[in-house]
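Let's take a friendly walk through this structure, one topic at a time. Have the model open beside you as you read.

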Amino acid sequence: MFEKLDKFIEGNLDEILITGGWDDEKISELEETLNISFREELKIFIRKYGLLMGYGVEIAVCGKHGGSRMVEVTQSFRKAGLDERYLVIEGDGELAYCLDNETGKIVNWGLDNLEVYPVADSLELFILDELIEGKDNW
């Protein structure tokens, strides 16, 4: 899993920062905090990357010091009406890109109308598309 993303990262090592992954104990803490069992691909992302930044893209699931922007932002959006099956992968303020923990797809959710719009078929494709677009506009 994440083979295409790994290939992109290998070709762009000077521009991409990865903090390193976390173990299953930390994943369990994050799941407990959000009261949800993560899909396997999210667990793999956390183990493998933790936090990934490059070309203006930041996927901050779990940082080097154990803090999780994903948890913080997801909790904030849940207070505003975000369904519990969604986990915020990127975004803050009024717009969020979320992993649908039931289907594995990425959706766009906003405070303006509380509607969900499909964006990508998988976490890997979403991140890869974001990085490629960021690199093209760099």
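Tyrosine 97 counts as partly exposed, at 22% relative accessibility. The cut-off for buried is under 20% relative accessible area. Please keep in mind that this is a predicted model.

Phenylalanine 126, at 3% relative accessibility, counts as buried. Tyrosine 97 and phenylalanine 126 form a tilted aromatic pair, 5.2 Å centre to centre with 40° between the planes. Tyrosine 97 sits in strand S5 (residues 95-100) and phenylalanine 126 in helix H5 (residues 123-136), so the pair links distant parts of the chain, 29 residues apart.

## Other aromatic pairs

How many aromatic pairs does a search of the whole structure find? The search gives seven. One of them joins phenylalanine 8 and tyrosine 55, an edge-to-face pair at 6.4 Å centre to centre and 65° between the planes. Because phenylalanine 8 belongs to helix H1 (residues 3-10) and tyrosine 55 to the loop between S2 and S3, this pair ties together parts that are 47 residues apart in sequence. Phenylalanine 8 is buried, with a relative accessible area of 13%, and tyrosine 55 counts as buried too, at 8% relative accessibility.

Ring pairs also link Phe2, Phe45 and Tyr49 into a cluster.

Most residues other than glycine have a negative phi. Against that background, tyrosine 55 is worth a look: its phi is positive, about 55°, although it is not a glycine. Leucine 114 also has a positive phi of about 55° without being a glycine.

Leucine 114 is found in the loop between strand S6 (106-110) and strand S7 (116-120). With a relative accessible area of 44%, leucine 114 is partly exposed, whereas tyrosine 55 is buried.

## The three-stranded sheet

Three strands form an open sheet in the order S1-S2-S3, with antiparallel pairing. Its edge strands are S1 (16-18) and S3 (57-60), each pairing on one side only. From one strand to the next, the twist averages 10°.

S1 and S2 (residues 51-54) pair in the antiparallel sense over three bridges. Leucine 17 stands opposite methionine 53 in S2.

## Helices H2 and H4

Helix H2 (residues 24-34) packs with helix H4 (residues 69-79) at an angle of about 10°, their axes 10 Å apart. That angle makes H2 roughly parallel to H4, because angles under 35 degrees count as roughly parallel.

Which residues meet here? Leu30, Thr33 and Leu34 in H2 meet Met70, Val71, Thr74, Gln75 and Arg78 in H4. By class, this contact of H2 with H4 has four nonpolar, three polar and one charged residues.

Terms used
Residues numbered from 1 in each chain as written. Predicted model: local features only at pLDDT ≥ 70, side-chain atom pairs only at ≥ 80, totals over all residues. Heavy atoms only, no water. Axes fitted to C-alpha atoms, helices over the stretch in contact; angles between N-to-C directions. Helix = DSSP H or I, 4+ residues; strand = E, 2+ residues; numbered from the N terminus. Parallel < 35°, antiparallel > 145°, perpendicular 65-115°, else oblique. Contact = heavy atoms within 4.5 Å. Nonpolar A, V, L, I, M, F, W, Y, C, P; charged D, E, K, R; others polar. Pairing = 2+ DSSP bridges. Buried < 20%, exposed > 50% of the residue type's maximum accessible area, 1.4 Å probe, protein only. Phe/Tyr/Trp six-rings, centres within 6.5 Å; stacked < 30°, edge-to-face > 60°.
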